[in-house]
Amino acid sequence: HMALMRFKDALALLERCDGLQTHRSWWVAKNAIVGIEKEGRKTLLRLSNDVLAPVSRTYQPQVNQLKLS
């Protein structure tokens, strides 16, 4: 879904949802993650709708805790 608001405000609304921020402007629902991919040093999450969500170095530790292969 698309919502037009400040990202910080959107994150506050998503506090109770099972997901995580993966980049400064990306939030991903955990149940939408179907895989993990690497492009050189970049980490990307493949989502159930075939979108590749970027993972920044800041959020890499959270993604690593998901135990994705």
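Residues are numbered from 1 along each chain as its sequence is written, and side-chain values rest on heavy atoms, with hydrogens and water left out. Since the model is predicted, local features require a pLDDT of at least 70 and side-chain atom pairs count only at pLDDT 80 or more, whereas totals for chains, interfaces and linings use all residues.

The protein contains 2 helices and 5 strands, where helices (H or I, at least four residues) and strands (E, at least two) are DSSP runs numbered from the N terminus. Along the sequence these elements follow the pattern α-β-β-β-β-β-α. The radius of gyration of the protein is 12 Å, close to the 11 Å that the globule rule gives for 69 residues, so the protein is as compact as a globular protein of that length; the radius is taken over C-alpha atoms, and the rule is 2.2 Å times the number of residues to the power 0.38. Taken along the principal axes, the C-alpha atoms fill a box of roughly 35 × 25 × 20 Å.

Buried residues account for 28% of the 69 residues, with buried meaning under 20% relative accessible area, exposed over 50%, and partly exposed in between (1.4 Å probe, protein chains only). The accessible surface comes to about 5,600 Å², of which 50% belongs to carbon and sulfur atoms, as computed by the Shrake-Rupley method with a 1.4 Å probe. Among contacts (heavy atoms within 4.5 Å) between residues at least 6 apart in sequence, 30% join residues at least 24 apart. The protein carries 11 positive and 6 negative side chains, and the centres of the two sets lie 8 Å apart; Lys and Arg count as positive and Asp and Glu as negative, while His and the chain ends are not counted, and each charge is placed at NZ of Lys, CZ of Arg, CG of Asp or CD of Glu.

Strand S3 (residues 33-39) and strand S4 (residues 42-47) run antiparallel and are joined by 6 bridges, pairing being assigned if DSSP finds at least two bridges between two strands. In the hairpin of S3 and S4, which has 2 residues between the strands, Gly40 adopts a positive phi near 65 degrees. S4 is also joined to strand S5 (residues 52-55) by 4 bridges, again in an antiparallel arrangement, and in the corresponding hairpin, with 4 residues between the strands, Asp50 takes a positive phi near 75 degrees.

Arg46, located in S4, is the bridge partner of Gly35 and stands opposite Leu52 in S5. With a relative accessible area of 23%, Arg46 is partly exposed. Leaving aside residues up to four places away in sequence, Arg46 touches Ala32, Ile33, Val34, Gly35, Glu37, Val51 and Leu52. The C-alpha atoms of Arg46 and Asn64, which are 18 residues apart along the chain, are separated by 14 Å.

Ser56 lies in the loop between S5 and helix H2 (60-64) and is buried, with a relative accessible area of 16%; with residues up to four places away in sequence not counted, Ser56 touches Thr22 and His23. Gln62, within helix H2, is partly exposed at a relative accessible area of 38%.
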